2 protein chains.
Amino acid sequence: MSDPATHERDADDPLPSWSALVSVYQSVLHDVVAALDEQASTDSGVFSALAYLERARPPHRLPMGELQRAMHPRYSQPGFSRLVQRMEADGLVERRPDPADRRATIVVSTRAGRAQFRAANAVYVAALATSFGRHLGEDDHARLAAMLSRVTAHRDGERSQVAAAGSVRKRTTKSTSAS
Amino acid sequence: MSDPATHERDADDPLPSWSALVSVYQSVLHDVVAALDEQASTDSGVFSALAYLERARPPHRLPMGELQRAMHPRYSQPGFSRLVQRMEADGLVERRPDPADRRATIVVSTRAGRAQFRAANAVYVAALATSFGRHLGEDDHARLAAMLSRVTAHRDGERSQVAAAGSVRKRTTKSTSAS
DNA sequence: GAGTATTGTATGCTGTCGCATATATATGTA
DNA sequence: TACATATATATGCGACAGCATACAATACTC
């Protein structure tokens with residue numbers, strides 16, 4: 001779904017910017033995923049999960065649900081469950097029962113998982129710089145980040161308004177940041 | 001292994017802008033794909049292929065290879081081959097032998113395919129406006145498109161330089177395992 | 001405290017992906 | 001012409017995705 005034919009040639013037509021975004025995303029991601037695979041033997045989903053565990057506030061652990069939501073809508077719940085199973089089979093994480101809620105599972109990265117993250121992250125940073133970073137100037141990166149963050153913020157703001165309006169009680173998210 | 005040109009906190013650190021781009025892409029795409037599926041029963045890959053056929057310069061036809069390349073690295077060659085087979089099975093396109101090259105196949109959208117594109121495109125435009133367009137102002141869309149287009153142009157420029165340079169390569173695409 | 005709804009995670013099934021490879025045609029070279 | 005190589009597309013196969021659903025534990029309501 002890159003850039004279809006359309007009408008609406010106005011200045012606020014979002015199609016050109018969306019098409020350009022899709023084009024950049026797809027080609028850069030393609031390069032980065034290839035680099036991770038070839039130079040670090042790391043699947044991009046695995047890398048992403050390890051990265052969020054790395055940043056987790058209690059050392060290297062996150063409840064499954066929070067980790068899944070941190071990864072945007074990248075995986076469905078079943079898909080994410082299987083990703084974690086594979087990672088556990090590969091020795092990258094452990095799954096521990098949550099003592100506070102016996103339905104829940106806490107994912108903890110192992111020493112091997114953290115080592116693999118460090119190696120893969122070096123590849124990732126290098127590939128991203130080559131494939132994306134050096135194609136824009138300093139100010140451009142900052143401005144791009146600002147604009148795109150506005151989109152996310154605006155979207156999220158409206159979503160929580162909708163959520164709050166839809167239910168009488170808005171006990172929605174557990175009191176965690178978890179972007 | 002490449003040396004870790006690691007964590008730059010500089011202004012030209014591409015990570016924040018890349019992360020923001022990924023976040024916007026994933027969530028907007030999620031919404032748009034859901035809308036296409038729910039309101040137009042159209043897979044996003046099918047929609048993209050129909051869109052490129054729609055704007056093809058000879059009426060509604062393109063050689064398979066060109067159509068595939070137009071869709072960026074979204075599908076592998078085999079994956080694209082099967083996408084077209086499915087579309088043909090659904091009556092959205094025909095595959096005709098190319099009289100000039102009997103290896104090749106020309107994909108032609110059928111009347112039904114064009115009708116489905118029009119219906120799906122209306123859904124697409126509406127969903128994109130809701131999910132992406134209205135979260136930025138007019139100038140922002142233009143500036144965003146300009147910046148991202150620069151990335152694509154710069155990337156493409158370098159790629160053709162590399163292609164022209166020929167065999168002077170580092171050890172990139174080699175099948176070395178490494179971990 | 002019993003009954004129902006809700007939440008967290010896992011599994012069966014099916015569809016589609018990418019990789020490796022096969023097949024057919026085209027092109028280059030002797 | 002004969003042969004090696006390149007290009008266009010298709011198929012076998014294994015991996016992984018999402019949907020629907022199952023299962024387990026918790027939370028709400030009375």
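I call a residue near a strand if its C-beta atom, placed from the backbone, lies within 6 Å of it. This is a predicted model, in which local features need pLDDT of at least 70, side-chain atom pairs count only at pLDDT 80 or more, and totals for chains, interfaces and linings use all residues. Residues are numbered from 1 along each chain as its sequence is written, with chains lettered from A and ligands numbered from 1 in the order in which they are written.

DNA strand C is surrounded by 23 residues, the closest being A:Met64, A:Gly65, A:Pro78, B:Pro78 and B:Gly79. Two or more residues each come from helix H3 (64–70) and helix H4 (77–89) of chain A and from helix H4 (77–89) of chain B. Helices here are DSSP runs (H or I, at least four residues), numbered from the N terminus.

Next, a helix pair in chain A. The axes of H2 (residues 44–55) and H5 (residues 111–131) come within 10 Å and cross at roughly 110 degrees; axes are lines fitted to C-alpha atoms over the stretch in contact, and angles run from 0 to 180 degrees between N-to-C directions. H2(A) is therefore roughly perpendicular to H5(A), a label that covers 65 to 115 degrees. Residues in contact have C-beta atoms, placed from the backbone, within 7 Å. On H2(A) these include A:Phe47 and A:Leu50, and on H5(A) they include A:Phe117 and A:Tyr124.

Last, the chain contact. Chain B gives 58 residues and chain A gives 52. On chain B, helices H1 (15–40), H2 (44–54), H5 (111–131) and H6 (138–165) each supply at least two residues of the side that touches chain A.

Technical notes
Parallel < 35°, antiparallel > 145°, perpendicular 65-115°, else oblique. Contact = placed C-beta atoms within 7 Å.
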